[in-house]
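Please open the structure in your viewer and keep the selection panel handy. We will go from stop to stop, with a note on what to pick each time.

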Amino acid sequence: MKFLDEYRDAESARKLGSAIARVTTRRWTIMEVCGGQTHAIVKYGIDRLLPDNLELVHGPGCPVCVTSLEMLDRAHAIASQPQVIFCSFGDMLRVPGSRGDLLQLKSQGSDVRVVYSPLDAVNLAAANPGQRVVFFAIGFETTAPANAMAVWLAKRRGLSNFSVLVSHVLVPPAMTAILQATGNRVQAFLGPGHVCTVMGYTEYEPIVRDFHVPIVITGFEPLDMLEGVLRAVKQLEDGRAELENPYSRVVRREGNPHARRLVDEVFQVCDRKWRGIGLIPRSGYKIRASYGAFDAEQIFAVDALEAQESSLCISGAILQGQKKPHECPAFGRQCTPQTPLGATMVSAEGACAAYHAHGRHLYDDRTAECTVPQA
Amino acid sequence: MTMSAENLAATFASCPVPQARFDRILLGHGSGGQLTADLVRRLFLPAFDSDVLSALEDQATLRLQGSAGGPRIAFTTDSFVVKPIFFPGGDIGKLAVHGTVNDLAVGGARPMFLSAAFILEEGLPLTDLQRIAASMRQACADDGVALVTADTKVVDRGKGDQLFITTAGIGLVPDGVALSISAARPGDRILLSGTIGDHGIAIMSVREGIDFETVLESDCASLANLTRVMLEVCSSIRCMRDPTRGGVASALNELALASKVGVKLDEAAIPVRLEVRGACELLGIDPLHVANEGKLIAVVPPAEADRLLQAMRSHPLGCNASVIGEVVADHAGMVVMRSVVGGERVVTMPAGEQLPRIC
């Protein structure tokens, strides 16, 4: 397939793997920020092409995983109300809140639907004037333009029965939080290719400078990933900390100005609670007052919710790169994609789900032991 | 990254799937993946307590009391709830006939008789039903089977979705043919008859309004002729499966578990149409998890693989056939795939529901 197969070429991958092995002389820990990158690593076995002294740790860039339990419970409460059609991307439906997941709610009779675009939810609202259509607007900066467009369009079309439940999160504050956390192991980042397609990468330049940490804006195909690792290792070995953008076939320094304008029109930056990590200042988007009529949180006025995480789940440490999924005692035992304890086991981009889907719990000796019940 | 056989054996022997947390049926229970397998294993197998059923073949192969030799009877049943009822490359009627015939054919049986039960929703246009009946008649003629008994029920408007069909099929398995999902042995080659994912993506493209610029057709077809040709050429075929719901991934995982062997796949050897690959990339779906309705997987001893492959390729339904992997003694119960860039990963059954009511 054009523009894909070129980036999955086995011979080029082998050469890049050898180049990485040649330049690596010490132990290094590199975090890939995006869930999509984590998925590619496990799907293609990319980490198995790397030398042993290089460790890839998985970042917080799975939007489904970091959506707070309180927000999930709010979604649950809204979706349970009469005359509501609750729309969401598919992954979100299986994430367990404290009262179960949205799919279970659907099996009990609530109208919960999967959509592939927020604009489908706008059309649904236009086609069902007697119903209240709510779209669960989650994601990083990548999905923000489409979600902003849905709100903008609903206002323009005068739809009074459409609203969005916003749980947007932003990458740069999360990277800063990871670097500031005690126990941080991350020495370099593979930066979020698609977030930067929208936002550009000027926001990352202060992080490079302030923390002296290399950031390489990286794509999602095997050769993109290997190229990103190679550049990160070279910087680490040289003692350099720079921002590099080998993903220049889609990422510009200024990002996509049209998309950014639309996001800015509809959303404003706010503090946001991340599942497993906690409150990070100025790390999310909420709807601006001028679009308040489309804010599901205001319309449905669900009471403040207190939610308890499973005591077994270590997704917070996993999302910050401090632990690997198979290091969790519940991984593959109490916690599986059918019985997830935390959101990292649900989304295809979640590190635990990626490990489980591609059988890492069965594959490594140590994890095979881990799946055998203790006597 | 190496694993010991003991470790894995222990894993599978003593580590059952965690207790399901669901107290109601979810759509995912119909996915053909892990939830379906759990439902069958936990609820139905204990309820019916039958050795034949517990073998989890696509069909039951039976010998009538008192008949010592001669052909055995193959018996199977299937329900069809596909939405929409007409789709590119087929309709629910054609799917119902071929689907049941295929379940018999991959067991080495010659399909003979079918039954069909129709659950109709009040308000269904008769012209739609006529089209479907005509399509079933044509499919039966193509397959050389006779539809010999049927039933009709009608439910209130809103209590069904246009039309559901349940079929059952009877065929005869010739003496000397004994295919089984538990018969795979290390060294065997795994052959696939053509491109994967066509049916699932064709349904998705009409249902979800995804435009692929070309119309992708379902691969809905009868495998009876192909399997007959294959069995004539090669009597030592160990097993055949048609990878419908749950896709090639589920079929091979079931094989690995039932035969207590490992399966090693080569990603580069698995044929996938460009449109299907594109759709899967776009939607984040693994083509190995997508349903097929006119493809089969065959497991055969290595010495016979080339001859069988040539025979398959000379048949119109097998012209894209290829050897996609082999059976190994390592990692029993698991399917491991070498990726296009040379890394490895484990191929698991789909965990939840990708697309309800695909067949």
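Domain bounds on this tour come from an automatic or database domain assignment. This is a predicted model, in which local features need pLDDT of at least 70 and side-chain atom pairs count only at pLDDT 80 or more, while totals for chains, interfaces and linings use all residues. Residues are numbered from 1 along each chain as its sequence is written, chains are lettered from A and ligands numbered from 1 in the order in which they are written, and side-chain values use heavy atoms, with hydrogens and water left out.

**Stop 1: the domains of chain A**

Colour chain A by its two parts, domain 1 (1-308) and domain 2 (315-371). Their C-alpha centres are 20 Å apart. Contact here means heavy atoms within 4.5 Å. Domain 1 of chain A puts 36 residues into the contact, and domain 2 of chain A puts in 27.

Next, select A:Ser315, which sits in helix α14 (residues 315-319) of chain A. Helices (H or I, at least four residues) and strands (E, at least two) are DSSP runs, numbered from the N terminus. Is A:Ser315 buried or exposed? Buried means under 20% relative accessible area, exposed over 50%, and partly exposed in between, using a 1.4 Å probe and protein chains only. A:Ser315 is buried, at a relative accessible area of 6%. Leaving out residues up to four places away in sequence, A:Ser315 touches A:Gly276 and A:Thr344.

**Stop 2: the largest nonpolar core**

A nonpolar core is a set of buried Ala, Val, Leu, Ile, Met, Phe, Trp, Tyr and Cys residues joined through side-chain atoms within 4.5 Å. Which members of the largest core touch the most other members? Select A:Phe86 and A:Phe162: they hold that place among the 89 residues of this core. Helix α4 (residues 69-79) of chain A supplies the largest share, seven residues. Both domain 1 (1-308) and domain 2 (315-371) of chain A contribute residues, so this core lies between them.

Stay on A:Phe86 and show its surroundings. Not counting residues up to four places away in sequence, its contacts include A:Ala75, A:Ile78, A:Leu102, A:Val134, A:Phe136 and A:Leu165. A:Asp111 and A:Arg113 are also among the residues that A:Phe86 touches.

**Stop 3: an enclosed helix in chain A**

Pick helix α2 (residues 35-44) of chain A. Nine of its 10 residues are buried, so this helix is largely enclosed by the rest of the structure. Among the buried ones are A:Gln37, A:Ile41, A:Lys43 and A:Tyr44. After α2(A) comes A:Gly45, with a positive phi near 65 degrees.

**Stop 4: the domains of chain B**

Now move to chain B, where the assignment gives domain 1 (58-178) and domain 2 (189-347). The C-alpha centres of these two domains of chain B lie 23 Å apart. Their contact takes 20 residues from domain 1 of chain B and 22 from domain 2 of chain B.

Within chain B, select B:Ala109, in the loop between α4 (92-105) and β5 (110-121). B:Ala109 is buried, with a relative accessible area of 7%. Apart from neighbours within four places in sequence, B:Ala109 is in contact with B:Ala74, B:Leu104, B:Gly171, B:Leu172 and B:Val173.

**Stop 5: two crossing helices**

Show helix α6 (residues 198-207) and helix α9 (residues 274-283) of chain B, whose axes come within 10 Å and cross at roughly 65 degrees. Axes are lines fitted to C-alpha atoms, for helices over the stretch in contact, and angles run from 0 to 180 degrees between N-to-C directions. On the α6(B) side the contact is made by B:Asp198, B:Ile201 and B:Met204, and on the α9(B) side by B:Val276, B:Ala279, B:Cys280 and B:Leu283.

**Stop 6: backbone details in chain B**

Select B:Lys83 and B:Pro84, which are joined by a cis peptide bond with omega of about 5 degrees. B:Pro84 is in the loop between β2 (72-80) and β3 (86-87) of chain B.

Two residues other than glycine have a positive phi here: B:Asp49, at about 45 degrees, and B:His331, near 35 degrees. B:Asp49 lies in the loop between α2 (34-48) and α3 (51-54) of chain B, and B:His331 in the loop between β12 (322-328) and β13 (335-338). B:Asp49 is exposed, with a relative accessible area of 66%, whereas B:His331 is buried, at 7%.
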